[in-house]
Amino acid sequence: MVSDREIKNAVAVLRSGGLVAFPTETVYGLGADAANPEALKKVFAAKGRPHDHPLIVHIADAVQLANWARAVPETAHELAKTFWPGPLTIVLRRAASVSDLVTGGQDTVALRVPSHPVAQALLRAFGSGIAAPSANRFGRVSATTAAHVRSEFGDAVDCVLDGGAADVGIESTIVDLSGEQPTLLRPGWITAQQLKDALGMPLAAPGPASPRAPGTLAKHYAPQTPLLMMEADLLLELAASLARQGKRVAALARSAHQPLLSGVVWIAAPADAAGYAHDLYDNLRKLDAAGCDTILVEMPPQEAAWAAITDRLTRAAAGSPAPDAT
Ligand code: TXA
Ligand code: MG
């Protein structure tokens, strides 16, 4: 997979202020030394990301929390014990030394201990925090393979560690523990119910006093082709009607069976949430690359296990114009 030599080289790149893309169990990250402002600036430049969007600091284990957060409440220890290493990010009050480039100028810092063996090996060898947003250009579909990363950034990344396809496939759950009440800032594979069970208290929805998680508000995770979500029967009808007009349609189906139409690029996604999430961004990239006029996505089931998937698809669809199917 990834050799010791490649890890050593990646550490040298990080120490010299370069960018290293690395696999995590959720998606690939575009990593830089979290304590080096010049390196952090390169992350924003490569992504085309606004500077007020804070970055997640990845650490090897929960012991390092105290280096980055000035207050680590009991609830953080509780969640760390239950879910780390794993796809959970915890927002805490920042330590004074944390760069404003990491925090986006806020009083909080987001921290995560990833479980992917390559991420773990890199973090242990580096010995400090690696700030890493998802390895995609700003607003676009996240990368779940090394090939996706290369197609996003080309030579702008000094080193890409190839750890295979990311297991989970969608970004980590983000929970804010910096305020009075634990707050869910971004849904993910770890559900609100699991967090509630571990904490013994329900989670609040973000309010005006919650830390800003800009990436979770705007249109995001978006292919360049307009994307629409709808139930299976409507999808079939619309695909047929658009195809009759000579439009090229791409479809991401789950239960609907492929209609016998020409000009339709059809992907039948896994019917289970884990398989669907694992393939989601690769599927969106394939459908986007097919050169169609519209991507039609079959609505996911309204169940807790699908909440994070529905969240990502809803943001991917935000602002897409409705097709003219008349
Ligand atoms: O699974 C993941 O979380 C991946 C992998 C690479 O770890 N990373 C990721 O990073 O998704 P990014 O930058 O694409 O998304 C991080 C989200 C953004 O919405 C950002 O606004 C929010 O985390 N965030 C970061 N620091 C924060 C903070 N201090 N307070 C609130 N939100 C924060
Ligand atoms: Mg992202």
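Which residue of S10 stands opposite Ile174? In this predicted model, the residue that Ile174 faces in S10 is Arg186. Strand S9 (residues 173-176) and strand S10 (residues 183-186) pair in the antiparallel sense over three bridges, where two strands are said to pair if DSSP finds at least two bridges between them. Together S9 and S10 form a hairpin, with six residues between them.

Because this is a predicted model, local features need pLDDT of at least 70 and side-chain atom pairs count only at pLDDT 80 or more, while totals for chains, interfaces and linings use all residues. Residues are numbered from 1 along each chain as its sequence is written, chains are lettered from A and ligands numbered from 1 in the order in which they are written, and side-chain values use heavy atoms, with hydrogens and water left out.

**The chain as a whole**

The secondary structure of the protein chain comes to eleven helices and 14 strands; helices (H or I, at least four residues) and strands (E, at least two) are DSSP runs, numbered from the N terminus. For 326 residues, a compact globule would have a radius of gyration near 20 Å, and the 20 Å of the protein chain agrees with this. The radius is taken over C-alpha atoms, and the globule rule is 2.2 Å times the number of residues to the power 0.38. Along the principal axes, the C-alpha atoms of the protein chain fill a box of roughly 60 × 45 × 30 Å.

**The parallel sheet and its helices**

An open sheet is formed by four strands in the order S11-S14-S12-S13, with parallel pairing. Its edge strands, each of which pairs on one side only, are strand S11 (227-230) and strand S13 (264-268), and the twist averages 20 degrees from one strand to the next. Helix H9 (residues 232-244) packs on this sheet, touching S11, S12, S13 and strand S14 (294-298), and the direction of H9 makes about 160 degrees with that of S14. Contact here means heavy atoms within 4.5 Å. Within the sheet, strand S12 (residues 249-253) runs parallel to S13 and is joined to S13 by five bridges, with Leu252 standing opposite Ile267 in S13. Helix H11 (residues 307-317) lies across S11 and S14, and runs at about 135 degrees to S11.

**Helix pairs**

Two packed helices are described by the angle between their axes and the distance between the axes. Axes are lines fitted to C-alpha atoms, for helices over the stretch in contact, and angles run from 0 to 180 degrees between N-to-C directions.

| Helix pair | Angle | Axis distance |
|---|---|---|
| H10 (residues 273-289) and H11 | about 30 degrees | 10 Å |
| H4 and H8 (residues 192-199) | about 120 degrees | 9 Å |
| H1 (residues 4-15) and H6 (residues 117-126) | about 55 degrees | 9 Å |

The angle makes H10 roughly parallel to H11, since angles under 35 degrees count as roughly parallel, over 145 as roughly antiparallel, 65 to 115 as roughly perpendicular and the rest as oblique. H10 and H11 cross in the left-handed sense; a crossing is left-handed if the near helix is turned anticlockwise from the far one by less than a right angle, and right-handed if clockwise. On the H10 side the contact is made by Ala273, Tyr276, Ala277, Leu280 and Tyr281, and on the H11 side by Ile309, Arg312 and Leu313. By class, this contact of H10 with H11 has seven nonpolar, no polar and one charged residues, where Ala, Val, Leu, Ile, Met, Phe, Trp, Tyr, Cys and Pro count as nonpolar, Asp, Glu, Lys and Arg as charged, and the others, Gly among them, as polar.

H4 and H8 are oblique to each other, and their crossing is right-handed. Thr75, Glu78, Leu79, Thr82 and Phe83 in H4 meet Gln194, Leu195, Ala198 and Leu199 in H8, a contact with five nonpolar, three polar and one charged residues.

H1 and H6 are likewise oblique to each other, and H1 passes H6 in a right-handed crossing. Here Ile7, Ala10, Val11, Leu14 and Arg15 in H1 meet Val118, Ala121, Leu122, Ala125 and Phe126 in H6, and the contact has nine nonpolar, no polar and one charged residues.

**A cis peptide bond**

The peptide bond from Trp84 to Pro85 is cis, with omega near -10 degrees. Pro85 is found in the loop between helix H4 (74-83) and strand S5 (88-94).
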